[in-house]
Amino acid sequence: MATFEGSQGAVRIIDTADSAGFGKNIAEVRSWTVEHTKDVIEDTAMGDTARTYKHGLQQFTGSMEVIYDSTHTVTTRAFDPTHEDALTVEFYPNETTGQKFTGSILVTSVSRTASFDDLVTATVNFQGSGALTVGSA
């Protein structure tokens, strides 16, 4: 079983205009969360003695916390819920080995937090659009 140290993780935006297909890391990510869920559809009918279900549609949602930086020019769209195009994003538990999770996201909200004894952070919440795929880093 492979385990990962969180400090080696990353979030990368894939620029579809880049013919090489390489992504750009979102700078100063502190943490990220991707929740992958599946609906279930009840198909119980009269006369059944127990409830039964079938597989439904999958979806994913998530968030990432970053240290706020006003020069996030490469990844500005990742911090803009008014942008209408989906972003293709890769989430790495460990950027150099193991798995990656890839999907298209729509940014749904951005919260910026400042306190007198900490760095300013931003939390980006998103909704997946389409399938979340699991691949190799």
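The following legends describe close-up views of a predicted model. Local features require pLDDT of at least 70 and side-chain atom pairs count only at pLDDT 80 or more, whereas totals for chains, interfaces and linings use all residues. Residues are numbered from 1 along each chain as its sequence is written, and side-chain values use heavy atoms, with hydrogens and water left out.

**View 1. The open sheet of seven strands.** The strands are arranged in the order β2-β1-β5-β6-β7-β4-β3, with antiparallel pairing. Strands (E, at least two residues) are DSSP runs numbered from the N terminus, and two strands pair if DSSP finds at least two bridges between them. The edge strands, β2 (23-25) and β3 (29-42), each pair on one side only. From one strand to the next, the twist averages 35°; the axes behind this angle are lines fitted to C-alpha atoms, and angles run from 0 to 180 degrees between N-to-C directions.

**View 2. Strand β1 and its two partners.** Five of the five residues of β1 are buried, so this strand is largely enclosed by the rest of the structure. Buried means under 20% relative accessible area, exposed means over 50%, and partly exposed lies in between (1.4 Å probe, protein chains only). In a regular strand, side chains alternate between the two faces of the sheet. Both faces of β1 are covered, with Ala10, Arg12 and Ile14 buried on one side and Val11 and Ile13 buried on the other. Five bridges join β1 to β5 in an antiparallel arrangement, and Val11 has Phe91 of β5 as its bridge partner. β1 also pairs with β2 in the antiparallel sense, over three bridges; here the bridge partner of Ile13 is Lys24.

**View 3. The largest nonpolar core.** This core has 19 residues, and those with the most contacts inside it are Ile26, Ala78, Leu87 and Val89. A nonpolar core is a set of buried Ala, Val, Leu, Ile, Met, Phe, Trp, Tyr and Cys residues joined through side-chain atoms within 4.5 Å. At least two of its residues come from each of β1 (10-14), β4 (53-67), β5 (87-92), β6 (99-113) and β7 (121-136). Not counting residues up to four places away in sequence, Val89 touches Val11, Arg12, Ile13, Phe101, Thr102, Gly103 and Ile105, where contact means heavy atoms within 4.5 Å.

**View 4. Thr102 and the pairing of β5 with β6.** β5 and β6 are antiparallel and pair over five bridges. Thr102, located in strand β6, is the bridge partner of Glu90. Thr102 counts as buried because its relative accessibility is 17%. Beyond four places in sequence, the residues touched by Thr102 are Thr88, Val89, Glu90, Ala131, Leu132 and Thr133.

**View 5. Aromatic side chains.** Three aromatic pairs are found in the whole structure. Phe91 and Phe126 form a stacked pair, 5.5 Å centre to centre with 20° between the planes. Phe91 lies in strand β5 and Phe126 in strand β7, so the pair ties together parts that are 35 residues apart in sequence. Rings of Phe, Tyr and Trp (its six-membered ring) pair if their centres lie within 6.5 Å; planes under 30 degrees apart count as stacked, over 60 as edge-to-face and the rest as tilted.

**View 6. Tyr68 in a loop.** Tyr68 lies between β4 and β5 and counts as partly exposed because its relative accessibility is 38%. Leaving aside neighbours within four places in sequence, Tyr68 contacts Arg112, Val120, Thr121 and Ala122.

Definitions and conventions: Helices (H or I, at least four residues) and strands (E, at least two) are DSSP runs, numbered from the N terminus.
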